[in-house]
Amino acid sequence: MGISLSKLTEKTNIWPWLLLAPLGIYMLIFFVVPLAEVAIMSFTEPKVSLANYQKVLTGALYQRVFLNTFVTAAFVTLCCLLVGYPLAYLMAHSKPRTAMLILLLVTMSFWTSFLVRTYSWMVLLGNNGPLIAFLEMIGFDKPPQLLFTRFSSTLAMVHILAPYMIMNIYTVMKKIDPALIRSAESLGARGWSLFRHVYLPLTAPGIANGSVLVFVICLGFYVTPVLLGSPREQMIAGLIGHQIEEFLAFGLGSAMAMILLVVTLIILTIYHRRFGLDKLWG
Amino acid sequence: MNTFMRWAGFIVVLFIAAPLVIVVPMSFSNASSLQFPPPGYWLGYYRAYFTSVDWLIPTWNSILIATATTILTMALVVPATFALVRHKFRGKGFADLMMLMPMAVPHIVMAVGYYSYFGDLGLVHSHLGVILAHTCLSVPIAFLVLSANLKGFDRNFERAAQSLGASPAKTFLHVTLPILRPGLVISSLFAFIQSFDETVVAIFISGRDAETLPRKMFDSIRQEADPVIAVISTLLFFVVLLGIAAPYFASALRSRAPKPSRPAAAH
């Protein structure tokens with residue numbers, strides 16, 4: 001009996017392979033090969049050498065851009081957390097009607113194109129915009145330039161990426177058993193202490209999820225930093241685009257792309273080992 | 001603590017909401033550049049959008065490309081999802097992971113790859129090129145939605161149909177597909193939106209001939225900030241609002257006390 005059963009399960013079934021084949025071949029041709037081409041170009045353009053990597057890893061300009069990218073991504077992640085946590089809390093602990101309206105708003109924001117939200121920030125922060133007018137009203141003679149600075153691109157990125165953080169934290173908060181909070185209170189935990197020792201640790205998985213997602217998306221962010229940021233403070237993706245479009249420097253662009261890819265994959269691999277990649281997006 | 005969180009939460013609501021709604025009054029503005037509050041109101045930029053070939057062709061290109069991408073994505077993903085959810089085989093873990101990979105790779109990296117690779121194949125500046133690239137990028141989201149649906153599928157329905165004499169093909173057509181329909185619809189919708197909104201790859205490979213709406217908007221914002229963008233933003237805003245609010249209203253109509261369900265966006 002045991003033998004026949006194991007034979008039955010070991011019998012190679014052709015069906016799953018047939019069903020997978022079209023997508024597998026497609027992904028090989030239109031995903032693996034283009035990626036491999038980036039990897040190859042990084043070593044062979046314009047000639048076979050490690051020169052591209054040497055230049056990218058040691059050049060002052062490139063080092064500054066890499067550093068700027070990481071600092072920006074970390075800062076945006078922190079801001080998203082500071083912005084997202086209270087909002088998720090408000091959603092998780094409000095009356096159903098209020099919670100539903102906020103959820104509607106966050107969902108709206110999530111589904112609204114990056115470009116639309118980037119454009120909105122151009123209006124809000126522009127020289128003829130409401131924020132400058134407000135600054136003039138409260139007494140600034142010459143309000144500072146807001147648009148095309150580190151400030152404007154960071155603010156817009158926080159706004160664009162916050163929904164990812166909010167949804168991840170909210171999902172975890174909704175699952176917290178109120179009995180846990182009540183029993184902590186009955187044992188004497190109050191206010192800050194209750195939050196620090198009971199509530200915050202319970203929401204940690206949501207924070208970890210949201211942070212990894214926001215950080216990784218921010219590392220490779222192209223559109224918003226290019227449109228709203230200062231040209232002097234580029235991020236990696238912007239510089240890659242610049243190298244390709246302006247200088248046709250495929251070798252340098254590919255080497256930077258490979259570094260961005262490797263860093264992204266390392267972060268996601270660590271995440272995958274601990275939580276599983278399919279959890280990241282919901 | 002509680003009060004502090006609530007106040008902070010309400011401020012964040014304003015921060016999230018302001019940029020979403022500001023495009024609506026902007027679209028009726030008669031200013032020729034970014035100015036808020038608008039000096040006056042008219043419908044001129046709506047007329048400009050609906051009569052300008054420069055904007056209508058990219059809109060049409062985007063719809064065409066997103067539709068073709070959706071069809072191709074579903075044709076590839078549906079069978080693959082059945083294989084991955086319903087069968088156990090060696091290498092399944094690897095295959096599962098590969099399905100998600102296009103989501104893990106930054107789009108700018110794919111853009112560099114496609115720019116060079118499609119250049120060799122003569123596919124840059126063509127609709128086909130953008131469709132092929134977008135399909136690849138739409139696979140993970142379509143797979144995630146569909147596999148979640150298929151995992152929750154009660155196979156007893158199929159067994160019941162077959163025990164009553166239905167052939168496997170008939171069972172699939174009359175039992176499996178109808179039950180999976182909501183999952184298939186949402187999965188297709190996500191693939192469509194992924195393609196319709198995709199900007200970075202389109203900037204690099206769509207060129208003038210297959211210019212998509214996001215690419216046109218990106219160029220326009222970068223160069224002159226054409227006020228027509230506010231019109232498009234407003235139209236997109238209302239499309240999204242309609243798409244999200246419709247299920248809410250439907251459920252509100254069905255039950256008097258609607259519960260906040262987790263939105264599709266989180267999947």
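Predicted model: local features only at pLDDT ≥ 70, side-chain atom pairs only at ≥ 80, totals over all residues.

Author: Let's start at A:Gly84, where helix 4 of chain A has a kink of about 25 degrees.

How far apart are the end C-alpha atoms of helix 4 of chain A, and what span should its 33 residues give? The helix covers residues 60–92, and at 1.5 Å a residue it should span 48 Å. Its end C-alpha atoms are 47 Å apart, which agrees with that expectation.

Now let's step back to the chain around this helix. Along its principal axes, the C-alpha trace of chain A spans about 70 × 65 × 30 Å. The radius of gyration of chain A is 24 Å, whereas a compact globule of 282 residues would have one near 19 Å. Buried residues account for 44% of the 282 residues in chain A. Sequence distance is worth a look too: of the contacts in chain A between residues at least 6 apart in sequence, 75% join residues at least 24 apart.

Where they touch, domain 1 of chain A gives four residues and domain 2 of chain A gives seven residues. On the domain 1 side of that contact, three residues are nonpolar, one is polar and none is charged.

Finally, chain A has a partner. The contact between the chains takes 80 residues from chain A and 76 residues from chain B. On the chain B side, the elements giving two or more residues include helix 4 (53–86), helix 7 (127–151) and helix 12 (228–254) of chain B. The largest share of that side, 13 residues, comes from helix 1 of chain B. By residue type, the side of chain B that touches chain A divides into 62 nonpolar, nine polar and five charged residues.

Terms used
Residues numbered from 1 in each chain as written. Chains lettered and ligands numbered in written order. Helix = DSSP H or I, 4+ residues; strand = E, 2+ residues; numbered from the N terminus. Expected span 1.5 Å × (residues − 1). Bend = angle between axes of the 7 residues up to and from the residue. Rg over C-alpha atoms; globule rule 2.2 N^0.38 Å. Buried ≥ 20, exposed ≤ 12 C-beta atoms within 10 Å, placed from the backbone. Contact = placed C-beta atoms within 7 Å. Nonpolar A, V, L, I, M, F, W, Y, C, P; charged D, E, K, R; others polar.
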